Every structure is written in C-alpha cells, then in structure tokens.
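Please look over the sequence and the model below before reading on.

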Amino acid sequence: MTFSAQTRKSTIEQLKKQTLDLLIIGGGITGAGLALQGAARGSQVGLVEMQDFAGGTSSRSTKLVHGGLRYLKKFEVELVADVAKERAVIARNAPHIVQPDYMLMPVYDEPGASFNTFSAEVALHLYDYLAEVDETWRHYLTEKAEVMEDEPSLKAENLLAGGYYLDYINDDARLTIETVKKAHESGAWLANYVKAVGFVYDDKGQIKGIKAMDTLSDESFDIKASVVVNATGPWSDELRKKQRDENEKKMYPTKGVHFVVDHEKLPVKRAIYTDTGLGDNRMIFVIPRGNKTYFGTTDTPFEGPYEDPEITQEDIDYLLKAVNHRFNVADLSLADIESSWAGLRPLIRDEDNSDPSGISRGHEVFLSDDGLITIAGGKLTDYRGMAEDTFTLIDQQWQKEGISYPAKDTKEIRLSGGDVEGTVPDFISAKRARGVFLGLDEAEADYLADWYGSNIDKVYDLADKAKAMDIPLLDALQLAYGLAYEMVMTPEDFFGRRTDSLLFNIDKLERLKRPVLLYMESELGWSRQERESWSSHLTEQVAAKKLVHLKNNK
Ligand SMILES: Cc1cc2nc3c(=O)[nH]c(=O)nc-3n(C[C@H](O)[C@H](O)[C@H](O)COP(=O)(O)OP(=O)(O)OC[C@H]3O[C@@H](n4cnc5c(N)ncnc54)[C@H](O)[C@@H]3O)c2cc1C
C-alpha cells in the first residue's frame, strides 16, 4: 500500500470531508501509537503532524528501547516494570529495528557513584526480574580485569567491576515511521506538514475538531472529529494555549543533546551506560553505531523555539569533559564532532522538584472541560501503554456520543516491516541474493534488509526506477521507496528520518544532495525556486548538525 505525496493529497481531501471518530494532533511515537490502536479497533482515525512524522522528540532520543535502570534508584519500580517488560513486545513487533544487546555499566569507586558492586548487582537483578528476562539474557557482573579486556577504551583507575545487562538498540525515527505506516495500512488517515492552529467548538463549547493549516501550501481548512487528542509531546502546553479556557502550565521540557564522532576516536565495542565521574550524579550513554560512536546526554531546562533546540558551547564542554574523563581517548574536542542532535523531553511539571533528572518519566492523560484529551510525558519505549491509557478516556468520551468499537490488544500487531520470519540474521541472509542480483554488494544488501525488514521486496521492486537515477543504487532504492511508501516530502525527511545520513553519514550529503534534490523536484513537481529553497534549508541543517557556528567561533 503506497504512502506518498499523492496519498497525502487524498488524505487531506478526506480529512476535510469526513467527521472522524478520533483526530490525533502530533505525529511522534505517541500519536502514531494512538493512530495504530484506533485504526486497529476499526474507528475512523485521522492524524496531523505539523512537521514531518518523528520531526519532534521522536527522532532525537538516545535511540534505545529501555526500562530506565537509573529510575530504580528513585524507587520508580512500577514505571520500570511496565516499561522494561514492554521492550520485548516492541522487539517482537519491529525486530528489524529494535534489537537486544548486552549493555555495560562499569562500576567505579568514586565519590557520588550511582552504584557500588553490591547495589549494582541488586539493581540489575531487580531490572531483570521486573522485565521478566529469561536465562538467555540474564545480567552478570565481571571483575575489573575482564571489563578492561572487553572494553579497553574505559579508564581503569578506580574501576571495580562491570555489570552486563539486557537493553535494546533502537532507531526512534524508524520505529515511528513504521508505526505510522502500519496505522495507514490499518485504515488511519495520516498527513505530515499539517498544523493544528486552533480548535472547532460545538454550541455547547465542546471541541469537535481543529482549524488546520497545510504548512507546505499554506491552505487552511477545518477537520471535524468526535474526539480530539493532543499528542504533541513538548508542545502540549503550546497547543493547549489555543483552547478557550486553558492556561495552566503542565509541561517542563528539558533538553538533551547527543554528539557523533568517528568510531576510531571513541572505539567502544558495545553500548556503555556510565556515571560521568564528574560528581554531578548523572549518567551518560556511549553507543557504537556502524563506523561511528554517539554519546549523550544532557538534561537542562529549556526555553526557546522547540523545533530545533539550540546546542550550546556549555553542552559541548560538559559532554566532552565527561567522555574525556571516563575513556582512554586522545582528548576529544569540538573538531571531532561530525554531527549532533538535540531533543526536548516532554516532562510533566513537578512543583516539588526542580532538578530535571529527578522528574518522573511517567505519563499523564487528562481531559479538559472542553473535551480535549491530552497525553503527555512518558518514554518512547512505553508508547503502547500510553495509547492504552489514553483509550480509556477516549472510550468514555465516545460512549457519550454513542460510539463504540471492540477493544484490540496491539501487543500482537507487527509494525510495518516487522513480519520477519525466523531470526533477523537468517532473514538477512535469505534476502541477500536478490540484492546482489540487482547490483548491490553483500554488505549493502544486508544493510537494506536489516533497515526495511519484511518490506525489503517492495524496495527491490523499485530497482528499475532506482537504476534510472543518477544516484548510487543503495541510496536510489531508499529514495524511491521513501517517496512511494514513506511520505517523504522534503530532503530533510529523507536524509534525516527515512535514512540516518544526516546523523551518521553526514559527509555523504555532499555527493548526494544535488542529484537527490533534482530527483525530488521532478517527482514532487517543485518549481526551480522551490528546489533552491529546499537546498538552502538542507545546507543550513547540515551546518547546524556539524555545529559550524560554534566551530567558527574557535
Ligand atoms: C535526549 C533524549 C533522550 C531520550 N532517550 C530515550 C530513549 O533512549 N528511550 C526512550 O524510550 N525514550 C527516550 N526519550 C524520551 C522519548 O524520546 C520521548 O518520550 C518521545 O519521543 C516523545 O514522543 P511524543 O510523540 O510524545 O513527542 P514528539 O516526538 O515530540 O511528537 C510530538 C509531535 O507533535 C507535533 N506538533 C506539535 N504541535 C503541533 C500542532 N499544533 N499541530 C500538529 N502537530 C504538532 C510536533 O511537531 C511533534 O512531531 C528521550 C528523550 C530525549 C529528549
């Protein structure tokens, strides 16, 4: 089933005409999860996203599906139990994206250490127990010598031991788009670049739709719905300000940044979760990905434009200091940072707690007097649970209108691309021959099968189209598929969220930018000015990711 610019056009026409059962505002993982659940239940669901799908926090996380080991220290046992169990469900439904691996938590003897050897053992045991981890992936602790043999890039001084435990590597933007695609397949109407700019009220003062704007064409129109859900993450308060009588501040967005360096500069073998060692009671992740390593994150209160939170020199100084302190690396500096991203945690304001790291990562669903339902807070990992909780309120609102749909457990729903038979490595081997036959090398074929999962044959079916482009075959296949099946509307959608080039292969853009833009111009019917404007926008994005403004200050 295609999901293209053409689909977007017909979706918008449909959204204008129909009165939906449910309209979701926000196309991050939370909105996408709601759309999937609503469509799976058979209701008429629409979703609008003002940027691209996953354009907000859902492409800017640490890219893990995890239960939050750290929260055990704050005795958030229930939260950890719910979220940690959910990891296996997501991995089963999107095995091509979410993959289990042992992470390493080194234990140091130093002031302010999060864990000592004893408490690390207790915490990891509890983490496994709460998540119902089976024998295959049980945690274990090793002594210093073994940790150093396994991970020589760590500093040995004061190291006591290492805890190895199960968590899951993820790609947040891919998980979101595969959820969006599955929701579309299940009958939901979803459009990116459509912004909710106001609400439509009935004569009893109840919200019965939105005033929408297509941000690509500037066209304004209304969308009518029995129930409207605000799933705008960090923007929740911004949207609530558009209600007639809502002013209460609920959100406390905090910024987290990540940096990407060449793997040789920070050659970790596995994901590491470690105290910074700076005595600030914080932990950081250092994660290998292909021939890069990324690390983060910070947690600071944020004010400013939410679309692209600015990375400051303080963010850089802090994370470089932590990494240089903890790892045996030739001093990493700003010049080594190849790419970067910053995201806003959609945290719920806690009047008793001003320390960002101390605020709960739990979620809240609430109903305003005018009928708007808001779902805020939470973790990407818990998106299915958040959708379930939101549907409790949606069902109550539907009931008032005589609307009812049978419940559906989304636990069993495979996301788009998730119908992988057997293990992922076996699946990749089985698909290799077709990729090689079409002209890819083995590594490229494996990469694509891993990236697209059970959609890989649809990707390969576009080979004739791809070969006609003036673009290397792997990228051409991704572009053809993105345009036909993943609603790519802008170059940044393609380079930043349908592929990960903007983050993990940014130099590739130099070569690809022009031919990709020319192809998009012809496929999407842009004028030359439009192409030039998208080109400038992409150039700005690349410079921002590379932190050129800060590098130039040095
Ligand atoms: C640095 C960092 C690291 C993290 N790491 C992890 C992790 O490893 N694992 C994990 O599970 N969680 C992690 N999280 C948390 C997780 O990323 C978020 O909880 C999750 O992505 C939030 O998703 P969301 O859909 O609620 O919000 P968003 O992804 O921000 O989606 C909201 C969407 O609403 C849209 N929107 C806003 N206003 C409007 C409007 N008026 N009309 C239409 N659309 C609108 C926005 O454009 C946006 O795309 C991390 C968060 C941060 C910041």
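In this predicted model, domain 1 (5–58 + 173–251 + 359–412) and domain 2 (101–170 + 254–350) both contribute residues to the shell around the ligand, so the ligand lies between them. The chain also has a further part in the division, domain 3 (462–553).

How far apart are the centres of domain 1 and domain 2? Taken over C-alpha atoms, the separation is 34 Å. The two domains also meet directly: 19 residues of domain 1 are in contact with 11 residues of domain 2. Between them, domain 1 and domain 2 bury about 1500 Å², and 58% of this area is on carbon and sulfur atoms.

The shell around the ligand holds 39 residues, of which Thr30, Glu49, Ser58, Leu64 and Thr381 come nearest. By residue class, the shell consists of 14 nonpolar, 19 polar and 6 charged residues.

Several polar pairs can be picked out by distance. The side chain of Glu49 has an N or O atom 2.6 Å from an oxygen atom of the ligand. For Thr57 the backbone is involved: one of its N or O atoms lies 2.9 Å from a ligand oxygen atom. Leu64 also takes part through its backbone, where a polar atom is 2.8 Å from a nitrogen atom of the ligand. On its own the ligand has 1000 Å² of accessible area, and the protein covers 97% of that.

Which elements give two or more residues to the shell around the ligand? They are helix 2 (29–40), strand 2 (45–49), strand 8 (194–201), strand 11 (254–262) and strand 16 (339–345).

Two details of the backbone remain, and both call for a word of background. Most residues other than glycine have a negative phi, and most peptide bonds are trans. Against that background, the peptide bond from Gly296 to Thr297 is cis, with omega near 20°. Thr297 sits in the loop that runs between strand 14 (292–296) and strand 15 (300–301). The other detail concerns Glu132, a residue other than glycine whose phi is positive, near 55°. Glu132 is also a loop residue, placed between helix 4 (117–131) and strand 5 (140–143).

Technical notes: Residues numbered from 1 in each chain as written. Predicted model: local features only at pLDDT ≥ 70, side-chain atom pairs only at ≥ 80, totals over all residues. Heavy atoms only, no water. Near = heavy atom within 4 Å. Polar contact = N/O pair within 3.5 Å; in protein donor to acceptor, adjacent residues only side chain to side chain. Areas by Shrake-Rupley, 256 points an atom, 1.4 Å probe, with all protein chains shown as cover. Helix = DSSP H or I, 4+ residues; strand = E, 2+ residues; numbered from the N terminus. Nonpolar A, V, L, I, M, F, W, Y, C, P; charged D, E, K, R; others polar. Domains from an automatic or database assignment. Contact = heavy atoms within 4.5 Å. Buried area = accessible area lost by both parts, 1.4 Å probe.
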